[in-house]
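Here is a brief report on selected local features of one protein model. Please keep the sequence and the structure at hand while reading.

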Amino acid sequence: MRLSVVSGLLSLSSAVDSNDIDLLSANATALSSQLQGIAAEALDGWAWQSLHPKVDDEFKGVSMDAMLKSMGDALPPTVMAALRDEAGVDPSQLSEKQLNHARTVINGMMEGQVTALDVTVVQCKESREKLTQNENMVAADLSRLGSKLAKEKQRILQAQAGIEEAQAAIMNSQTQLREHQKTCKRTVGNLQAQLALIKKDLDAAEMVVKLTACKKSFLQAANVTESEVQACVSGDEAVVTSGDRDVTLDSPSVAAAFHTAFEASVDDQSFVQASPTGGKVRHYTRAKQAGRCSALDSAGKAVKGCEVFATEQAATGKISSPAACASKCSANVLCQSFRYRAATGTETSGECTMQFADCDETANKACFLSTGGATAFTTYNKGAPPLAVGDQVIPSVQSARKNPPAAKQAFKCTVAKPDCGLLNDNMSIFWGEVKDKYDAKFTELVVAKTGCAKTEGTINEEIALWNALLQERNVELGEATSQQSSATQTQVEKQREQRALKLEYKKADTKCKTLVGETMMNLCGLRKVRNELAKFSKGSMNPEKIFDCVVTDWSPQECSKSCVSGRQVLVRSVSQKPSLGIKCPPLQMVKKCNEFPCAVDCKMGSWSGWGRCSKECGGGLQSRVRAISTRPNFGGQACPPQTETQQCNVQSCDADCKLSKWTKWKPCNRACGGGTQKRVKSVAKPARGTGKCAKALHKSRYERRKCNSQSCPPDPVCNSKMDVVFVIDSSGSWTEKGYKVVVEFMKGLSQKYKMDSKTVKMGIVEFSKEAHVVQGMTFNQKEIATALNTKLKFRKGLTDMAKGLLAADKLLLDGRKDAQSEVIVITDGKPSFKFASGNAAKKLRRSGARLIFMPVRTYGQSPFLTSWATHPGKENVFRVKRGLAELKSKMTAWQNKMVISTCPSIYSPLLAKLSKAKAR
């Protein structure tokens with residue numbers, strides 16, 4: 001017998017499942033008032049072990065046959081037959097060994113019921129006490145709230161006499177607020193609708209990027225021969241097939257982008273073919289009930305009008321998956337749909353049924369043959385189901401068409417072996433363009449919401465400040481009204497909680513009584529069966545020799561806590577030791593007690609600083625607040641006022657801004673050949689009212705001058721005190737061959753920096769889909785060389801420059817406060833996410849670092865890089881116009897140019913050597 005253990009009050013009703021002994025199943029209505037009373041007596045006290053004689057009296061009317069039937073096959077057939085007194089069965093033929101074995105089995109069942117009874121009664125007591133204590137606490141809270149409401153009502157009556165003067169101002173502000181909220185709701189709603197449309201394309205594009213990734217992707221399925229892929233386009237959708245897996249792209253823009261990227265990622269298209277499959281072939285529906293459409297009814301008689309369904313066929317043998325079922329349907333040109341139902345207890349076999357005419361359980365009601373309690377199956381249209389679809393996992397997709405379209409518009413299919421890196425990068429660009437649109441629109445939405453919230457906050461603050469200017473009674477009215485509203489709401493919630501607790505107690509008590517009564521009846525029935533069995537014994541286990549263990553009533557100890565979940569130990573002792581009967585149950589249990597929270601008084605936090613003044617000048621109001629760190633509950637003390645108000649900014653309005661002093665001249669942006677350096681003034685105090693303030697690049701705030709006009713040496717080496725981070729693009733758009741050129745360029749360039757604590761500290765970041773720190777900030781040039789030789793990887797994938805820039809910004813945290821910070825980005829000028837990358841560039845510039853771009857032009861001029869680079873952008877973007885070919889052929893020249901153009905101070909090892917020789 002299996003014992004169900006009660007895990008909590010809500011599970012009490014299921015504590016005895018279908019495999020438990022249920023001697024009362026035939027007398028469910030006979031859980032009589034007497035038995036209910038016995039159960040209640042067990043739950044009210046600690047003496048439920050002594051109540052079994054009363055249960056025995058209630059059990060007299062239950063037949064032995066009913067008891068044995070409920071035990072199933074727990075006992076050997078011969079023993080069961082003897083107990084049923086079946087004809088031809090002689091109980092005297094049962095051996096003592098057989099009888100003792102049966103007794104042991106019954107004892108085990110009884111011991112399980114004793115344990116179940118202990119656990120059930122203790123947990124029911126826990127639940128009863130917890131519900132009662134919680135109800136008492138709620139009643140105390142309601143009493144406190146009643147007193148508080150009476151107090152607040154008196155305060156309101158006292159304050160109402162002084163409010164007339166401020167009503168007009170408050171009403172005007174509230175009208176303004178309502179109009180503002182309407183406008184904001186309309187604006188935000190429009191932006192959200194636009195954002196949802198873009199999000200649809202973004203999700204589809206992101207899915208395609210994942211499917212085209214070079215590692216463990218859809219296009220890299222294990223059963224694909226040499227990565228051969230078929231892309232079919234028709235109208236506003238595309239179907240992509242790789243091996244025996246496929247996916248449908250039903251977004252027109254994503255389908256078109258994929259087809260373009262696919263064709264651009266192959267050197268030679270193997271062939272183009274026309275597929276006779278028409279329409280959208282990858283949709284399916286789930287039947288509402290188990291069954292099928294048939295030409296015959298359940299009795300095998302023909303049904304008029306259902307002759308068309310006579311061609312339904314079932315596939316024989318084991319069908320491993322919906323995809324395998326789809327293959328069988330596809331092989332038959334007459335098959336329109338198929339059904340697949342997994343076999344019970346397995347995911348690797350099932351029943352596949354093909355159907356040669358449309359069937360709908362509603363439209364074809366007369367022909368629909370139900371299969372009773374069977375599990376509802378899944379009906380698919382012709383074609384393999386989507387990836388990872390089983391009989392139990394049904395994604396949300398478009399419903400299947402009842403009739404396929406006129407057939408028979410052919411898909412145009414391209415079969416080829418794409419370069420997954422290039423295909424993924426091309427799709428990443430499209431994804432990036434859509435994401436840029438999404439990010440821009442999302443930012444517009446955030447700005448709109450922020451502006452709305454800011455204006456709404458200002459209006460609300462004006463209303464609050466008007467109230468603050470009223471007489472003390474006006475303040476009292478606001479506070480009292482707020483407190484009254486809060487207390488009323490809390491009172492309603494507490495009343496609801498009180499009703500719920502009473503109802504919960506009633507339901508739980510009924511369940512507990514039922515379960516305890518049933519368990520006691522089960523125990524009694526088992527004892528009766530065992531006693532009957534003992535009568536067959538020839539002496540070894542006669543009824544007078546069987547003694548069950550008897551224990552005393554529980555003795556509860558004191559609860560360990562007065563509140564917040566204590567523990568109470570229950571102890572008992574053995575009053576009769578067992579002999580051939582059931583073993584003694586545990587003599588100690590732990591019961592939860594005092595499961596109610598302790599009273600909580602209100603606690604206030606510290607006052608905040610004074611908030612923003614309502615006016616910049618001319619006299620305004622400002623307030624300060626303090627938060628409620630702990631809200632009162634369970635009879636705790638109420639909270640004092642949370643706000644205070646005072647006058648502020650009484651000075652006159654209208655004043656120009658005030659600028660800071662000139663900063664020191666920044667380092668020259670070039671080491672030789674003529675560079676520039678700048679200095680600026682920042683705004684120390686903003687303008688007020690109609691006052692004026694020059695723009696950031698106005699001559700009164702921004703100055704430039706020429707510097708380092710001397711000619712450049714042929715072998716420049718940077719020796720400025722600088723923290724430099726190289727950010728290297730390792731996305732798929734380079735190609736493997738092109739990326740090697742970039743790595744060789746970096747190896748030579750890194751050697752043109754002198755590295756020690758007085759000069760250059762360097763770090764390296766690479767980025768594609770993710771950013772990776774190849775080498776942290778270091779003074780050790782050998783570490784840089786090792787990183788470039790062993791750690792740089794051509795990672796392929798998309799070009800997420802934003803992550804590379806943010807990683808560089810983080811890496812500079814390990815730089816030096818007194819050193820110039822520079823970030824040099826080497827890229828093909830093809831970032832996937834322009835919007836995010838632009839924001840990351842802005843963040844990096846604001847940190848004080850000089851941001852420099854070196855686009856090895858492969859994909860256009862990338863004019864946006866000029867606005868991303870440090871101002872002036874033309875002096876911080878160095879374009880390799882002929883791309884990788886130029887970089888490879890003029891590598892030394894470009895290395896020298898980058899050092900000269902990004903380092904304020906250089907030296908020439910060659911000239912130093914000649915000078916030293918001349919000095920000798």
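The notes below cover a sheet, a charged patch and some backbone features.

The model is predicted.

**The sheet.** Three strands make up an open, antiparallel sheet, ordered β14-β15-β17. β14 (555–556) and β17 are the edge strands, each with a single partner strand, so one side of each has no neighbour in the sheet. Two bridges join β14 to β15 (residues 566–571) in the antiparallel sense. Ser 555 sits opposite Val 571 in β15.

**The charged patch.** Lys 130, Lys 561, Arg 567 and Lys 592 form a positive surface patch. Lys 592 belongs to strand β17 (residues 588–593). Its relative accessibility is 36%, so Lys 592 counts as partly exposed.

**Backbone features.** Most residues other than glycine have a negative phi, and most peptide bonds are trans. Val 564 has a positive phi, near 60°. This residue lies in the loop between β14 and β15. Asn 649 also has a positive phi, about 45°, and is not a glycine. Its loop runs between β21 (643–648) and β22 (658–659).

Which form does the peptide bond from His 871 to Pro 872 take, cis or trans? That bond is cis, with omega near -10°. Pro 872 is in the loop between α15 (864–868) and α16 (883–889).

How values were computed: Residues are numbered from 1 along each chain as its sequence is written. This is a predicted model: local features need pLDDT of at least 70, side-chain atom pairs count only at pLDDT 80 or more; totals for chains, interfaces and linings use all residues. Side-chain values use heavy atoms; hydrogens and water are left out. Patches are made of residues with over 30% relative accessible area and no salt bridge: like charges are joined within 9 Å, nonpolar side chains (Val, Leu, Ile, Met, Phe, Trp, Tyr) within 5 Å. Accessible areas come from the Shrake-Rupley method with a 1.4 Å probe; for residues, only the protein chains shown count as cover. A salt bridge is a side-chain nitrogen of Lys or Arg within 4 Å of a carboxyl oxygen of Asp or Glu. Lys and Arg count as positive and Asp and Glu as negative; His and the chain ends are not counted. The place of a charge is taken as NZ of Lys, CZ of Arg, CG of Asp or CD of Glu. Helices (H or I, at least four residues) and strands (E, at least two) are DSSP runs, numbered from the N terminus. Buried means under 20% relative accessible area, exposed over 50%, partly exposed in between (1.4 Å probe, protein chains only). Two strands pair if DSSP finds at least two bridges between them.
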